Amino acid sequence: MAMRDRLGMRDACVEDSAAIAMVQAKSWRTTYQSIAPQILEDVDVHQWAAAWSERLMEATSNRALLVLEGPPGVIVGFAAAGATRLPGEWELFAIYILEEFQRRSGGRWLVSEIVDRARRSGAVRLAASVLSQNPSVRFYEALGFARETAGKRLIHGRTVEETRYAYPIDPGPMWIEPDRNKASTGDP
Ligand SMILES: CC(C)(COP(=O)(O)OP(=O)(O)OC[C@H]1O[C@@H](n2cnc3c(N)ncnc32)[C@H](O)[C@@H]1OP(=O)(O)O)[C@@H](O)C(=O)NCCC(=O)NCCS
């Protein structure tokens with residue numbers, strides 16, 4: 001497991017499903033209570049744990065589910081991302097860190113690892129949707145995500161605004177093929 005700032009990061013495994021769902025539920029409460037409390041009606045730890053477990057059982061290279069550990073063995077955050085239907089696009093579907101472990105660069109670390117995974121699978125952009133009132137919009141902006149669109153969404157009868165961000169993934173240096181002519185003809 002990679003370690004930084006006394007946090008650890010690793011790929012999630014099926015046994016982590018319940019802990020991931022618990023972090024998600026706790027983080028939803030602290031994040032949305034003041035900005036969109038109606039969304040909390042959707043919190044269902046058992047159903048979420050089952051969904052994460054199902055997802056973790058299908059191994060695939062075009063998605064990532066990473067966890068952050070605070071004390072060793074204790075999951076305090078996670079991020080889930082994967083390819084969308086748009087060619088070259090990955091989306092950060094979820095990123096949640098318990099309040100007491102926020103602002104220790106864990107979010108930045110998770111996103112940078114996801115960008116690396118997305119790049120390796122050939123993606124050129126990482127998209128993310130955030131409720132516009134969520135202070136974490138500043139997290140995306142600090143990391144270099146650009147604001148693309150904003151739109152209204154209805155959640156349990158109340159309208160919220162959602163902002164769509166995208167991060168341009170640098171494809172890395174171009175691979176230059178060795179000069180085959182020189183190597184194969186033997187010409188001076
Ligand atoms: C959003 C979240 C994942 C960010 O992770 P984090 O570990 O707290 O953030 P980092 O420490 O990596 O922050 C990197 C930079 O982003 C910016 N940033 C992060 N959170 C911020 C906030 N609430 N307000 C303003 N700027 C913020 C800062 O510039 C920060 O750098 P700094 O701490 O050196 O000033 C985490 O705070 C979280 O889980 N929040 C609650 C859930 C949530 O809103 N998830 C996103 C749903 S779309």
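**Group meeting: strands, a helix and a ligand shell**

Hi everyone, let's start with the strands: β6, residues 125-131, pairs with β8, residues 158-168, in the antiparallel sense, over seven bridges. Within β8, E162 is the residue that stands opposite L131. Before I go on, please keep in mind that this is a predicted model.

Staying with β8, there is another antiparallel partner, β7, which covers residues 146-155, and here the pairing runs over nine bridges. If you want a pair to click on, take K152, whose bridge partner in β8 is E161. β7 and β8 make a hairpin with two residues between the strands, and H156 there takes a positive phi near 45 degrees.

β1, residues 2-4, and β2, residues 7-11, run antiparallel and are joined by three bridges. A2 has M9 in β2 as its bridge partner. These two strands also form a hairpin with two residues between them, and D5 in the turn has a positive phi of about 45 degrees.

Next, helix α1. It has 16 residues and reaches 22 Å from its first C-alpha to its last, close to the 22 Å expected at 1.5 Å a residue. Which of its residues are buried? They are S17, I20, A21, V23, Q24, S27, T31 and Y32. These residues cover an arc of only 160 degrees around the axis, so they sit on the same side of α1. And what covers them? The cover includes α2 (45-57), β3 (63-69), β4 (75-83) and β5.

While we are on α2, have a look at H46, which is found in that helix. Is H46 buried or exposed? It counts as exposed, because it has 9 C-beta neighbours inside 10 Å, and the cut-off for exposed is 12 or fewer. H46 and R6 are 40 residues apart in sequence, and their C-alpha atoms are 30 Å apart in space.

Last stop, the ligand. It is surrounded by 19 residues, and the closest are Q102, G107, R108, R138 and A142. The elements that give two or more residues to this shell are α1 (17-32), β5 (89-97), α3 (106-120) and α4 (137-142). By class, the shell has seven nonpolar, eight polar and four charged residues.

Note on methods: Residues are numbered from 1 along each chain as its sequence is written. This is a predicted model: local features need pLDDT of at least 70, side-chain atom pairs count only at pLDDT 80 or more; totals for chains, interfaces and linings use all residues. A residue is near a molecule or strand if its C-beta atom, placed from the backbone, lies within 6 Å of it. Helices (H or I, at least four residues) and strands (E, at least two) are DSSP runs, numbered from the N terminus. Ala, Val, Leu, Ile, Met, Phe, Trp, Tyr, Cys and Pro count as nonpolar, Asp, Glu, Lys and Arg as charged, and the others, Gly among them, as polar. The expected span of a helix is 1.5 Å times one less than its number of residues. A residue is buried if 20 or more other C-beta atoms lie within 10 Å of its own, exposed if 12 or fewer, and partly exposed in between; C-beta atoms are placed from the backbone. The arc is that of the directions from the helix axis to the C-beta atoms. Two residues are in contact if their C-beta atoms, placed from the backbone, lie within 7 Å. Two strands pair if DSSP finds at least two bridges between them.
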